[in-house]
Amino acid sequence: MPGRPSIKSLKDIFEECQKGSQSHNKLIKALKLNYQNTTEKEAFTEEFINYLKYSLIVFKKEPVVERTLDFVAKFAVSYCEEQTPVEESSEESQEESEGDNLCIYLFKFLLKHHNVRDRAVRFRVCQLINKLLVAMKEDAQIDEDLFDNIYHCMLQRLKDKFPAVRIQAVTALARLQDPSDADCPVINGYLFCLEHDAVHEVRRAVLSCIAPSTRTLPTILQRILDTKDIVRKVAYQVLAEKVHIKALTIAQRVKILKTGLSDRSEIVRETCASKVLTAWLRTFEGNVLELMKCLDVENSCETAEIAMKKYLTKIPSEELVENFDLLNESLTIDEETLTCENSLYWRCLCEHLNSLSSQEASLLDKLLPTVSVFAKYIYNYLKKLKVPSLDVTKVEETLKSEFIGQQLLMLADILDLSDEVGRKALKCTVHDLLIASNVPGSLSPLLMKLMVKLVGKQEELIQKIAEIISEIREPITMIIHKTPDKDQQRQKELKLASVRMLLNEARDELETCVGAQNFSRAAELKEKVTELENTKDTLTTEGQQSEEIQTEKNDPHTLVKCLTVSSEMLQHLQMRTFNPTLRTLIDTLILPGIPHEHESVRDVAVRCLGLACQMNRDFARQHLLLFLQVYQVDQDEVKVTALKVIFDLLLTYGFETFKISTESQLESSPESDEEEQEREVENKDNSKTASSLMSILIRILENEHSELRTVAAEGFCKLMLSGRVISSKLISRLLLLWYNPTTEEDHHLRHCLGTFLPMFAFVTRRNQECLEDAFLPTLETLFNAPITSPLAKINDSNVADLLIQLTDHRNLPNLDHENLQESSIHDSLGLKICNHILSNPDSPGCRVLIRSLNKLHITNTNQATLKDMYTLLQQILEVIEDRVSKKTLEKLKASINEMINDENMATVEKDEEQIDVDHTNVEKSSEEFDQQMSSQDVMDVPLVDDNLTSLNETICPEDSISSKTMEVDDENKDPVLVVKRSSRRKKSTKQSVKKKAIPVCHLYSDSESDGEDLSRLKLSRKVTALSELNLSDSE
């Protein structure tokens, strides 16, 4: 028979639970048995806590510690659940069980030590409390006093200075929050951490634990714009899993999809598409049209289109085509069932298939009709559009019809236009829709895009558009005369009756004369009958006369439509000259629209004129001042357009285009002195115009109108990126504009500047030098900003850190080749900062500048800069009194001193290595020469010029190096280097003498016996050899 199981000790159980979680259930049973068999419960509990303490002092996340805490939590909770029925029996038994309940004792022990000094203990205490609460059942209950104690202690840990402790406190409070309580302290703490905690892991933990409600939902939605992509990802997961789509407003749904699907991080985009979009589609049972109805596609078409494309990429093309059951027999959607949602879906589906391979693109034949049928379909639908009225309901219907028309016209761009008959039909349809009065101007860009595609040549396009504009502005009208009154009508009828009676009598008499063969009388009667018939016709058609006339329309709606068509045409032209038709169009339509009384007409006219200036340099030079005048005197909407045109012209042609060149003056003959003087005066005027233009444009950066300020900032960014303007003052203004609190709501401006600064700085060293020049002026502006100024709220340390990062030469491309120089930008910037601090050590912001010095990346190979920096730091330490700054400077000084010493040692080692290499080369050369000489008899060696020259080339550099180093050593009085170099020299001489006993080898030595040895050689060219070797001269 098997014996009773042996009782394991606490030590054995704690050691075994660390090995793996699969044995925890078995160990829990053994530990329960051990606890039940013991009589001294308090001793068991103390021993249990004693073994637990070993895990509580470990801060680093170790699997062994994690498994131990999991085991402790499971055991304590399981024992607590078993004692629950006993606790409910009576008050006495409840008091006894509380004393024996290990779970309650463990909670009290942990809460007692939640605020100790050691961060590891605080971390593990919060973690174990979290594990205990998570291990409990959903309907578990704990004592109210214990609940309050946990409540308050964990709320205190939410403010711990270590993020790991705060994270565990957040997870521990997850089951203690009450969303129904409007003033729940846990939710208040969660919201505070979401909005103000600087550590993204804490914000991530709060998002995972917070319960969504009407109170917390706005804060959760703010986290989809978090700076960390991992937090944004968790925010989208929470919205997909815990928030129903109907709990969100239309604006919130659109914001979630627009922000998530266009996020810069791939994981965030994928999470939004796979989690949020899938969850919302699951709500509508996969019906994408129902989902589109929840997004208001008329006002958020771009977002709905992105969501639609994400949806289409996840489903096979054949399945998409089979499930699209909205088309009739003619492959069009019936006008009665045509809505904004299904028209958008139709267009997105066709574009998706068109972007795929040729095999899948062939499925378009099942979704699109022929060009002729579709042209007729579009014409019939758009002809029914009504002019917008003041009725709100009718306005909404008109806007929906316009949106559907836009989708149909965009769908027409996918059609196969190879059919000539279909092309002509579509061309006629586009022509008729452009001149139709009921078609709104919002459809003109799409119609013009189709017209440009249908008309190939630009000259033909200009002529065609000119005819369309003429028909729009001067349509042919029918004029019908008014019907006369009753008296006039009565008289007309009596007169007509008498004419008819006379006509009948004349006809009868004519027949009688013809029968009697009285032809003369018959001829007279025939003429009379003809006159009476003409009179009768005149009287009959007198009240129904009408005529066609052309009347010119100058109302704002017609002019805006004509100018819109013109602007769309000008965008597609690639000409650099104006033909007569285009010149007439500019003179008769565009230029007269500039001073028009209606604001919308002026706005489109300025845009058209700007597009025309893009085509011709001289035309742009003539009208630049006109755009400046428009900016100064017109309304804000027109000002924005004029400002965009000015920056576009400067970006296209540069500032030099708007000045008169002086090169032509040098080539002109000296006969026209007066003309030269006039040119000089005109040149000065143009220079003043250019300078005044820059001052006007720079002042716009301080404009109160946010849109004007944004356009100016964006324009300057483009000019600086293209190299048209390089200015440190302008960079300083843009930096201050980016950090200015008044531009916090201008998201486009901040996004533009945030993208521009790194792009500009990390292109060339020249741009970083510009930022270097802007460093001190920018910070000086912040240091000296008045308290009432918004600039006083800017964190100057943050600005300094950004500029240091932007001027770091390690961020430049091709660092190893073209951009790596002996002195970096940080070297010169460090010297400038040191000199600035020395010039005024008591000025505000010195601490920020000193802290910035410690963040610079100084080049350790530039000894001159390092020594200058070291000297300046010594001088600064003598005048600075701030203790924190002194400590920072001393640390920097020690670092630079170490860099100087390291570089000196590296230089010495490099020189020694170079000397070794040079001597090795000399030895090898001497050995090769010895071998060549030893292979022949001494008297037979032909010392010709070529051999002597090669010998000279080999020996002379070493000789010059040796003489130079000896001279330098004598001057510097460095005995160590002298001994080394001289010994190496002597050693090489001895080796060469020992190897071969040929007298010519003594040419390598410096002894006085050189002359004697040479005299023994019977060579005819001894003098020539000595002159070519030139041993006495230096390099």
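Trainee: How many disulfides does the structure hold?
Mentor: Zero disulfides, a disulfide being a pair of cysteine sulfur atoms within 2.5 Å. This is a predicted model, where local features need pLDDT of at least 70 and side-chain atom pairs count only at pLDDT 80 or more, while totals for chains, interfaces and linings use all residues. Residues are numbered from 1 along each chain as its sequence is written, and side-chain values use heavy atoms, with hydrogens and water left out.

Trainee: Is Cys717 buried or exposed?
Mentor: Buried, at a relative accessible area of 3%. Buried means under 20% relative accessible area, exposed over 50%, and partly exposed in between, with a 1.4 Å probe and protein chains only. Cys272 is buried too, at 0%.

Trainee: Switching to the core. Which residues touch the most other members of the largest nonpolar core?
Mentor: Ile129, Trp346, Met569, Leu570, Leu582 and Phe775, out of 273 residues. A nonpolar core is a set of buried Ala, Val, Leu, Ile, Met, Phe, Trp, Tyr and Cys residues joined through side-chain atoms within 4.5 Å.

Trainee: Which helix gives the most to this core?
Mentor: Helix 33, residues 636-653, with 10 residues. Helices are DSSP runs (H or I, at least four residues), numbered from the N terminus.

Trainee: What is Trp346 in contact with?
Mentor: Leaving aside neighbours within four places in sequence, its partners include Phe324, Leu331, Leu368, Tyr377 and Leu411. Contact means heavy atoms within 4.5 Å.

Trainee: Now helix packing. At what angle do helix 16 and helix 18 pack?
Mentor: About 95°, with their axes 11 Å apart. Axes are lines fitted to C-alpha atoms, for helices over the stretch in contact, and angles run from 0 to 180 degrees between N-to-C directions. The two helices are therefore roughly perpendicular, a label for 65 to 115 degrees.

Trainee: Which residues meet there?
Mentor: Ala273, Leu277 and Leu281 in helix 16 meet Ala307, Lys310 and Tyr311 in helix 18.

Trainee: And helix 7, how many of its residues are buried?
Mentor: Eight of the 11, so helix 7 (residues 102-112) is largely enclosed by the rest of the structure. Among the buried ones are Cys103, Phe107 and Phe109.

Trainee: Last one. Where is Phe162?
Mentor: In the loop between helix 9 (144-157) and helix 10 (163-172). Phe162 counts as partly exposed, at 23% relative accessibility. Beyond neighbours within four places in sequence, Phe162 is in contact with Arg119 and Arg122.

Conventions. Parallel < 35°, antiparallel > 145°, perpendicular 65-115°, else oblique.
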